[in-house]
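Here is a short walk through one protein model. Keep the structure in view while reading.

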Amino acid sequence: MKSTMETKIETSAKKNDLMNALAVIPGKPNTLHFREVPKPRVDDVPEGRGVLIKILNVGVDGTDKEINAAEYGAAPAGDDYLIIGHESFGRVESVGPNVTEFQLGDYVSLTVRRPGSSLYDTIGTYDMTTDDVYFERGINLRHGFLAEYAVDAPEYIIRVPENLKHVGVLMEPMSVAQKAMEQAYRIQQRLRVWKPKRAAVLGSGTLGLLAALVLRLRGLEVTSFGNTTPPFLNSKLIEEIGARYVSTKELSLTDASSKYGPFDLILEGTGYSPLVFEAMNVLAKNGVLAMVSVTGGSRQVEVPSDKINLGFVLGNKVAFGSVNANREYFESGVKDIATAELQYPGWLRKLLTHPVIGLENYAEMIRLLTEAKGAIKVYCEVAAMHGSQTATAG
C-alpha cells in the first residue's frame, strides 16, 4: 500500500506531465475551453533535435474566432480537441542534445505550416504545398500555441532579438505581409525593370497596418483603405508612417485611384471579395494585385468582366494569392521590425491594443475579438515576459 508521501510524489509527477491550454472541439461551435493536456517534451522531436519553448504571448485574430465558430479546423490524429493559437512568441526553455541553433533563454517565434508530401513541402516551401490536406499549428491537424509550452524542431523556429521582445507577438502577421510583398516583387522580375511608386492597401487592421509599414520601408507612396471614418487610432497610425488613409464610406477605391493612383501594387486584405474585382479594374498597367484575405460563404456579384479581362491583357497585369508564410518570410520580418523600431520608434507597440492576462480569461479574449471597438491586436499574455528562467539542457 502506498504511503501518503508516495502518493503526493506520484500526483506531483503526473501534474508535471500536464500543462494548461485553450482548445476547441472541432465541428462544434462555441466550444473554446480551458483544459489540462499532456506537456510536450524535448524528446518528442526525433534525433535529439527538440526545442521546448515556454509560451509568453499569443496573438489572436479572426481565424481563431472562426475556428471557435466551427467554420473550419480539425483535430490532430488521435485527439478529439484542437489547441488553437497560431501567432506565437516565447522563450527557449530546454533543447535536445543535437540542437546548436538555439540557446536557453532565446526569444523565438514559430512558423505555422508544417510539411506535407508535395515537392514544395520537401524543399521547405510548405506554404506553397499542392497537397489537398495541409497542416497548420492551431488551425488544422496540428495543435497550436495557446498553451503553456510548445515543442518543435529548429527549422520551424525563428530567433527574435531580445530588444524586439515587446513586439515579438507580431511576428506571424508580419510574416504574412512579408510574403505577399516579396512574392509581388519576385513576380515582377518578369518586367526586368519594375519600380513601383504608388501602392494601395485594402484593409486597415493588423495585417493592413503591417503591410503599409512594409511598403513605406520600401519607399512607396501608400494609400490605405478602411471602412471606418477617420480620425481613429488606425488612421492615425497610418499617417504616422507617412501613408494616407481613405475611408471607403467617403471615397470609393475607383475614385481614390483616379485621385491618388494609379496603383502599381495593391494588397487586398479585407475579407470582402467584391473589392478584389474593383482592385483588378483600377490596377495600373504592369501592376500586381496580391490577395491575402480568406473569404468564406457564397457571395455573388456582377463584375465588368470584359473590361477587367481587357485591362489585364493589354496592361500586362497580374493577380496572385498568398497564404501564410515559411521561415524565410519570418526572418525578413525580423529585419523589417528592427528597421521599423529605428525609423518609427514605438509605432509597432501601439498595435498591441488589447492584452488578456492568462489563459483562464479566454472568454474575455473571445469577447474582445467579437465586440471590442478600436481593437487592433488582441493577444493573450500566457506568461510574464520577465521572471526567473528555469531552462535546462535536454
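This is a predicted model: local features need pLDDT of at least 70, side-chain atom pairs count only at pLDDT 80 or more; totals for chains, interfaces and linings use all residues.

Two strands pair if DSSP finds at least two bridges between them. Three strands, in the order β7-β8-β9, form an open sheet with mixed pairing. Its edge strands are β7, residues 113-114, and β9, residues 141-142. Each of these edge strands pairs on one side only. β8 and β9 run parallel and are joined by two bridges.

Next, move to β10. This strand covers residues 149-152. Its partner is β3, residues 51-60. The two strands pair in the antiparallel sense, over four bridges. Within this region, V151 in β10 has L52 opposite.

In a regular strand, side chains alternate between the two faces of the sheet. How are the faces of β10 covered? Y149 and V151 are on one side, and A150 and D152 are on the other. All four are buried, so both faces are covered; buried here means under 20% relative accessible area.

Now look at the aromatic rings. The whole structure contains five aromatic pairs. Take F89 and Y107 as one of them. Their ring centres are 5.7 Å apart and their planes meet at 5°, so the pair is stacked. F89 belongs to strand β5, residues 87-95, while Y107 belongs to strand β6, residues 107-110. The pair therefore ties together parts that are 18 residues apart in sequence. F89 and Y107 are both buried.

Another pair is arranged edge-to-face. Y126 and Y156 lie 5.8 Å centre to centre, with 70° between the planes. Y126 is in the loop between α3 and β8, and Y156 is in the loop between β10 and β11. The two residues are 30 apart, and their pair links distant parts of the chain. Y126 is buried, and Y156 is buried too.

The charged end of R35 sits over the ring of Y81, at 3.9 Å from its centre. K39 does likewise with Y149: its charged end sits over that ring, 4.2 Å from the centre. Y149 is also one of the buried residues of β10.

Turn now to the backbone. Most residues other than glycine have a negative phi, and most peptide bonds are trans. Where do the exceptions fall? Begin with two peptide bonds. P230 and P231 are joined by a cis peptide bond, with omega about 5°. P231 is in the loop between β13, residues 221-226, and α6, residues 233-240. The bond from G261 to P262 is cis as well, with omega near 0°. P262 is in the loop between α7, residues 253-260, and β15, residues 263-268.

Then come two residues with positive phi. N30 is not a glycine, yet its phi is positive, about 55°. N30 sits in the loop between β1, residues 18-24, and β2. Is N30 buried or exposed? Its relative accessibility is 64%, so N30 counts as exposed. A70, also a residue other than glycine, has a positive phi near 65°. A70 is in the loop between α2, residues 62-68, and β4, residues 82-83. The relative accessible area of A70 is 25%, so A70 is partly exposed.

End the tour at a helix. K335 lies in α10, residues 327-343. K335 has a relative accessible area of 60%, so K335 is exposed. From K335, look across to E278. The C-alpha atoms of these two residues are 33 Å apart, and 57 residues separate K335 and E278 along the chain.

Notes:
Residues are numbered from 1 along each chain as its sequence is written. Side-chain values use heavy atoms; hydrogens and water are left out. Buried means under 20% relative accessible area, exposed over 50%, partly exposed in between (1.4 Å probe, protein chains only). Rings of Phe, Tyr and Trp (its six-membered ring) pair if their centres lie within 6.5 Å; planes under 30 degrees apart count as stacked, over 60 as edge-to-face and the rest as tilted. A charge sits over a ring if NZ of Lys or CZ of Arg is within 6 Å of the ring centre and within 35 degrees of the ring normal.
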